[in-house]
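The stops below are given in the order in which to select them.

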Amino acid sequence: MIINEQKLDKLAELAIKTGVALQKGQDLLLTAPIEALPLVRRISVHAYKAGANIVTPLFSDPEITLARYLHAPDESFDKAPNWLFNGMGEAFDNNTARLAIVGEDPLLLSSQDPDKVGRANKATSIAYKPARERITRFDINWNIISWPGKAWAIQMFPELKPEEAQSRLADAIFSASRVDGLDPVEEWDKHNKNLKKWSDWLNKKNFYSLHFKGPGTDLTVGLAKDHEWMGGASMAQNGVICNPNIPSEEVFTTPHAQKVDGEVCATKPLSHQGSLIENIKVKFEKGKIIEAHASKGEEVLLKVLDSDEGARRLGEVALVPDNSPIAQTGLLFYNTLFDENAACHIALGQCYTKCFKNQNLTKEEIISKGGNSSMIHIDWMIGSNQIDIDGIEEDGTKIPVFRKGQWALNF
Ligand code: ZN
Ligand code: ZN
């Protein structure tokens, strides 16, 4: 194998011990592209060593996905396997941990009919909602990691031979995921402490809004009432402290869905369910996107924005310094998990309902505090080394938070 087997094993171990933090006697639900089988097998070994009850993998295959677009009847694109997603919801209600391995071809669907892609995405989003809510509500411990998929690698390194590209991507994933050193688990303990330092500071400040300024961007993002900043390790409702994302460099919170105003330009292309959306530029008024453009993939973007009532409003704002290891690679991964951790970002759609001081709010209370509700949650990057951010207090006082893409203070 072209992929360093030792590091792959460390990634698997990290996913179980630090990522999902699997507890003795817990079931584990895994989803992965079929080519990630070597990683899934290693994860299963570490899961059972950690005391897993049952490990259940669900695989996806690009050829089977494409077969649908080529041969399925038109009505197929308004359907989704509800039974599967309902089963996932049931599993989560019974304390099953969730591990997702990503690494699919980011452009798999880019030459398919955008109408079909949009309808299929919508049908899946609707069917997945009950299961997704349990994840966004953080009912159970969960984690996402990456497999260096071949098609993904070729897109990132088109100048290299496929095997070399895959090996380069594997190395980039290992270093971004901090599994390069001798003891990745300890490495992550240190990293988590650092992220907590920043989220603690932001929570103490309790800003009313954040103001982003940079080329093409002049955006005020109001923050939800009683919002809470989070980052790195956090405790799920079932009491397990896990790291949902590996890698993760962000601290994030819930913006106020009615209090976002101004213009913002994306600083990286957005790879969304097989399509690439480039040079997004949108205008917000009272929290809602009233104008949206993209130089490429605009049709897909507009479909996304029309998914439902909450799709034009923000559900997340996240801060990532420009000196993060992922930003430093200078690579565009065409993958949200990595690209969102290279830059400050915002997300359209569903808010993280856990990002409140009181984590047991009702739906109505969340909405009244400014939390957004939607069947989508799509992150896109607005940070760069040219972005300044001010925190604005309730009385209008401005405090520098970021200057030229870095934390404006040192402690
Ligand atoms: Zn984020
Ligand atoms: Zn997000």
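Start with the zinc ion (ligand 2): its protein donors are Glu316 (OE), His377 (NE2), Asp379 (OD) and Asp379 (OD), lying 1.9 to 2.6 Å from the ion. Donors here are N, O and S atoms within 2.8 Å of the metal (3.2 Å for Na, K and Ca), and water is not among the atoms, so sites may look incomplete. This is a predicted model, in which local features need pLDDT of at least 70 and side-chain atom pairs pLDDT 80 or more, while totals for chains, interfaces and linings use all residues. Residues are numbered from 1 along each chain as its sequence is written, chains are lettered from A and ligands numbered from 1 in the order written, and side-chain values use heavy atoms, without hydrogens and water.

The 4 donor atoms of ligand 2 make angles of 54 to 144°, and the site is irregular. Along the sequence, the donor residues of ligand 2 are spaced E-x60-H-x1-D. The pair of glutamate 316 in strand β15 (residues 314-319) and aspartate 379 in strand β17 (residues 377-381) links parts of the chain 63 residues apart. Helices (H or I, at least four residues) and strands (E, at least two) are DSSP runs, numbered from the N terminus.

Next, select the zinc ion (ligand 1). Which residue bridges the zinc ion (ligand 1) and the zinc ion (ligand 2)? Glutamate 316 does, and the two ions lie 3.4 Å apart. The protein donors of ligand 1 are Glu250 (OE), Glu316 (OE), Glu340 (OE) and His345 (NE2), at 1.9 to 2.5 Å. Angles of 71 to 148° among the 4 donor atoms make this arrangement irregular.

Glutamate 316 counts as buried because its relative accessibility is 1%, and histidine 345 counts as buried at 0%. Buried means under 20% relative accessible area, exposed over 50%, and partly exposed in between (1.4 Å probe, protein chains only).

Now move to asparagine 372, in the loop between α12 (363-368) and β17. At 6% relative accessibility, asparagine 372 is buried. The side chain of asparagine 372 reaches the backbone oxygen of glycine 349 at 2.9 Å.

Then select the largest nonpolar core, which has 48 residues; those with the most contacts inside it are Leu28, Leu39, Ile43, Leu99, Ile101, Ile145 and Phe333. A nonpolar core is a set of buried Ala, Val, Leu, Ile, Met, Phe, Trp, Tyr and Cys residues joined through side-chain atoms within 4.5 Å. The largest share of this core, 7 residues, comes from α7. Domain 1 (5-176) and domain 2 (205-229 + 248-407) both give residues to the core, so it lies between them; the domain bounds come from an automatic or database assignment.

Finish at the N-terminal end of α1, where asparagine 4 is the cap: a side-chain oxygen of asparagine 4 lies 3.0 Å from the backbone nitrogen of glutamine 6. Among the buried residues of helix α1 (residues 5-19) are Leu8, Leu11 and Ile16. Just after α1, alanine 21 has a positive phi of about 50°.

Conventions: Tetrahedral: all angles 85-135°; square planar, octahedral: opposite > 155°, others 65-115°. Polar contact = N/O pair within 3.5 Å; in protein donor to acceptor, adjacent residues only side chain to side chain.
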